[in-house]
Amino acid sequence: MSSDNITLIGMPGAGKSTVGIVLAKVLGYDFIDSDLLIQKAEGMLLWQIIESRGREGFLEIEECVNARITATHSVIATGGSVVYGPRAMEHLHSIGKIVYLQVSCGELAHRLGDLTKRGVPTQPGQTLSGLYAERVPLYEKYADITVDVSRIGIAEAAENIRLQLARCSEKSSLLPDIKVN
């Protein structure tokens, strides 16, 4: 399986899909939106899946779909809740680099509308700030690279990711090869 993919993680409204498309074009990669894969697999919109299967049911479906993505030379935009699925995160890490698109909670509040119509699985009564506090440690845990995309445009975000990925691959190419007998 190829390990040249780039998976974008982060809060809803961080720009994973939008930045992902631009990044894929810049790099000459394919683009995959895992939320669209989930909708296709289930024949429903995300919020409809959450409504019919509940939060836990949705998270199981999301983990299963993301754990089965087979891709090469692709930018993969995930749903913000993908980090709740350790099997999916392990798989995504095994097929490439994971990039966390970091945005402040205040910036997200400015960008987002109704979370339920965006297909965001939340606990009953959970606020955006509560969701943010719950997820940020998971994003930080799984990220190979973190890029702050607050208050910058899409093209600048894609370029910042490209530069950090290039630095990361330069560092790994400077490491000596280890031979095991």
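Visitor: What does the side chain of Arg-135 reach?

Guide: In this predicted model, the side chain of Arg-135 reaches the backbone oxygen of Gly-80 at 3.5 Å. A polar contact is a pair of N or O atoms within 3.5 Å.

Visitor: Where is Arg-135, and which residues is it in contact with?

Guide: Arg-135 is found in helix H6, which covers residues 128-142. Leaving aside neighbours within four places in sequence, its contacts are Met-11, Pro-12, Gly-80, Ser-81, Tyr-84, Val-120 and Pro-121.

Visitor: How do you know that Arg-135 has no salt bridge?

Guide: The nearest side chain of opposite charge, that of Glu-134, is 5.2 Å away. A salt bridge needs a side-chain nitrogen of Lys or Arg within 4 Å of a carboxyl oxygen of Asp or Glu, so Arg-135 has none.

Visitor: How many salt bridges are found in the whole structure?

Guide: A search finds four. One of them joins Glu-42 and Arg-53, with the closest N and O atoms 2.6 Å apart. This pair links distant parts of the chain: Glu-42 lies in helix H2 (residues 34-42), Arg-53 in helix H3 (residues 46-67), and eleven residues separate them.

Visitor: What makes the Glu-42 and Arg-53 pair a salt bridge?

Guide: The distance of 2.6 Å between the closest N and O atoms is set against a limit of 4 Å. The pair falls within that limit, so the name applies.

Visitor: Why is Glu-42 called partly exposed?

Guide: Its relative accessibility is 24%. Buried means under 20% and exposed means over 50%, with partly exposed in between, so Glu-42 is partly exposed. Arg-53, with a relative accessible area of 44%, is partly exposed too.

Visitor: Why does Arg-55 count as buried?

Guide: Arg-55 has 14% relative accessibility. The cut-off for buried is under 20%, so Arg-55 counts as buried. The side chains of Arg-55 and Glu-56 meet in a salt bridge at 2.7 Å, N to O. Arg-55, Glu-56 and Glu-134 are linked in a network of salt bridges.

Visitor: How far apart along helix H7 are Glu-159 and Arg-162?

Guide: They are three residues apart in H7 (residues 154-174), so about one helical turn separates them. An α-helix has 3.6 residues a turn, so residues three or four places apart point the same way. Glu-159 and Arg-162 form a salt bridge, their closest N and O atoms being 2.7 Å apart. Glu-159 is partly exposed at 30% relative accessibility, and Arg-162 is partly exposed at 29%.

Visitor: How do you know that the span of helix H1 is close to the expected one?

Guide: H1 takes in residues 16-27, twelve residues, and reaches 16 Å from its first C-alpha to its last. At 1.5 Å a residue, 16 Å is expected. Just after H1, Gly-28 takes a positive phi of about 75 degrees.

Visitor: Which residues of H1 are buried, and why are they said to line one face?

Guide: They are Lys-16, Val-19, Gly-20, Leu-23 and Ala-24. Seen down the axis of H1, the buried residues fall within an arc of 140 degrees, so they line one face of the helix.

Visitor: How many helices and strands does the protein chain have?

Guide: There are seven helices and five strands, in the pattern β-α-β-α-α-β-α-β-α-α-β-α along the sequence. Of the 181 residues in the protein chain, 45% are buried.

Note on methods. Residues numbered from 1 in each chain as written. Predicted model: local features only at pLDDT ≥ 70, side-chain atom pairs only at ≥ 80, totals over all residues. Heavy atoms only, no water. Helix = DSSP H or I, 4+ residues; strand = E, 2+ residues; numbered from the N terminus. Expected span 1.5 Å × (residues − 1). Buried < 20%, exposed > 50% of the residue type's maximum accessible area, 1.4 Å probe, protein only. Arc of directions from axis to C-beta. Lys, Arg positive; Asp, Glu negative; His and termini not counted. Polar contact = N/O pair within 3.5 Å; in protein donor to acceptor, adjacent residues only side chain to side chain. Contact = heavy atoms within 4.5 Å.
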